[in-house]
Amino acid sequence: MAHNILVWIENVKGQAAAISHEALGAARSIADGGKVTAAVFGPNAGELAKEAIALGADSAVTCDDATLAEFRTEPAVALLARLATDAGAGVVMAGASTRGREVSGALAVALNAGAIADVTALELQDGRIVATRPVYAGKLLSAIAPAREPVVITTRSRAFPKPEADAGRSGEVASVAPVLSEDAIASKVVEFVAEGEGEVSLADARIIVSGGRGVGGPEGFKPVAELARALGGALGASRAAVDAGWIPYAYQVGQTGKTVSPDLYIACGISGAIQHQAGMRTSKMIVAVNSDPEAPIFKLARYGVVGDLFKIVPALTAEFKKRLGK
Amino acid sequence: MNIVVCTKQVPDTAATLKVDEQSNVSWGDAPLVLNPWDEYAVEEALRLKEKHGGKVTVVAMGPDATREALKQAVAMGCDEAVQLWDPAFDGSDAPTTAIILAIAIEKIGADLVLCGKQAIDGDTGLVPPGLAHRLSWPLLAFVAKIREIDPAGKTLAVERLLEEGRQVVSSRLPAVVAVVKEINEPRYPSFMGIRKASKMQPTVWSAADLGVDPAGAGRGSAGIQWTRIFAPPPRQGSVEFIAGDSPEDIAAKLADKLMAEKVI
């Protein structure tokens, strides 16, 4: 059964979020002959629309009105609801980022739609969409099918490959007017304070190096961060380290922090409590450095080093700097 | 200021979950608790009440087991508890749950709604935005700090924790605010609070009390079907410990392995 799919492309300061392109690729894979339309709002929308078409959309709709320049749920949802209705979209998709989660929850109510959040796999069974998504922080998985259309689906970061661009693809790009005027929008963006600039974000990271209780204090994160930097990866932390005040909450990986699935996760001085495992167990490869050979983290790890992280981690940093020519 | 906190009861984060062939999930002896994210919402509500006066009402949708979560919130200091339950609600999906909560909030009357950013069982985070949409109130989610709030002037400003940093947003009240862990450190229930909670009977509202059409709620009206719940495949292979004569030797051996596996 063909599914017409509207994909919201998240615009972060004029650039499309990687997670949106992953969602676009996932949409293409389940459209089953239906049309995939990209919706792009905000600055540089025209260019991002063309990019979306090259990556697999059949057409795109843009709106670069000032009300949509900085993301806010209300105007984005109002316009997406109208576009989905006008296009007769059976499925609306977005990345399961913070903004994507806001949009999807509101849109589901606006469209009287079902909603499947944070999916890690999508397939067609006899033309019917079946999604897999983690529940209980990944301790279990659930298979979910839409009971009706429309349905709103968000995809987990890095769960779907980014599609290959094909510059030869062409499609119509239509510019539309916003639904809400500025005086109908209650929230106003005052400012944006960038954090961790120059650092790799946990959500997108291919490699994550995390520190836990074993780092012993704020200073102990230095060698962990240096290894992350040497590998071009992101820095993470366990709840124990965050709760101790050694590192800000934004770095926390786990059930009450971020859920990540990098290609490589290096856990330094992290025992591997079930709550931490929930946030990182889908990593492709896990390496653990811990002084306790009985630490539960070793049950998840492919490679383990039993020893003093303050000796092993700097040695790893030096080794990789040498090998990666840094 | 009247504040409503929306909560959910969930298995403890330390619970070991089991699932059978019929997709029934069980958690052994692990306790049912107030959703951890909601504890931050309750705490923030209590702090705002202490500063600005008013009343804090905790709401949860669910069968009688849900009362444990409501009791925990009352023990922390919430003034009143409302349980939304009707057999017709069983199996409601997230958007329908949001709508039922919104109807209850309208019945209670609120200047501010606080929620945790998501529940740790379903992990969807769909309810706060759905709730805000249904109420036609602004949604402020992933809030790490309420910078200022003016109940008389009906305005607030918050810091939202997004992937790339903090978005500072001002808004009018009433609004729906969904919080993250950074916002505060939840208090432990006091002895008096626990005593009060032990005697507490929540107000219970059924579909009829809320004016909800039973045919529009529950499993039958859900936009999705849960076809199966299952355990993830176990991580294959056991750990290979890397040992060596010196940290440098270990590092070189591990680097060899990781480069051969092409993860670096």
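Predicted model: local features only at pLDDT ≥ 70, side-chain atom pairs only at ≥ 80, totals over all residues.
1. On the chain A helix the contact uses Lys311(A), Ile312(A), Ala315(A), Leu316(A), Glu319(A), Phe320(A) and Arg323(A). Its partners on α7(B) include Pro247(B), Ile250(B), Leu254(B) and Met259(B). By class, this contact has eleven nonpolar and four charged residues, with no polar ones.

2. Now the wider interface. In total, 75 residues of chain B touch 75 residues of chain A. On the chain B side, the elements giving two or more residues include the helices α3 (94–108), α4 (127–135) and α7, along with strands such as β9 (139–150), β10 (155–162) and β11 (165–172). Which element gives the largest share of that side? It's α7(B), with ten residues. The class count for the chain B side comes to 45 nonpolar, 14 polar and 16 charged residues.

3. Chain A as a whole: nine helices and 18 strands. The C-alpha trace spans about 60 × 45 × 40 Å along its principal axes. Buried residues make up 62% of the chain. Of the contacts with a separation of 6 or more, 66% are between residues 24 or more positions apart.

4. Two cis peptide bonds are worth a look. In chain A, one joins Glu149(A) and Pro150(A), with omega about 0°; Pro150(A) sits in the loop between β10 (140–146) and β11 (151–155) of that chain. In chain B, the bond from Leu173(B) to Pro174(B) is cis, with omega near 0°, and Pro174(B) is in the loop between β11 and β12 (175–179). For context, most peptide bonds are trans.

5. Check the backbone at two aspartates as well. Most residues other than glycine have a negative phi. Asp118(A), though, has a positive phi near 60° and lies in strand β7 (residues 114–119) of chain A. Phi of Asp123(B) is also positive, near 55°, and this residue is in the loop between β8 (112–116) and α4 of chain B. Buried or exposed, with 26 other C-beta atoms within 10 Å of Asp118(A)? Asp118(A) is buried. Asp123(B) counts as buried too, because it has 20 C-beta neighbours inside 10 Å and the cut-off is 20 or more.

Conventions
Residues numbered from 1 in each chain as written. Chains lettered and ligands numbered in written order. Helix = DSSP H or I, 4+ residues; strand = E, 2+ residues; numbered from the N terminus. Buried ≥ 20, exposed ≤ 12 C-beta atoms within 10 Å, placed from the backbone. Contact = placed C-beta atoms within 7 Å. Nonpolar A, V, L, I, M, F, W, Y, C, P; charged D, E, K, R; others polar.
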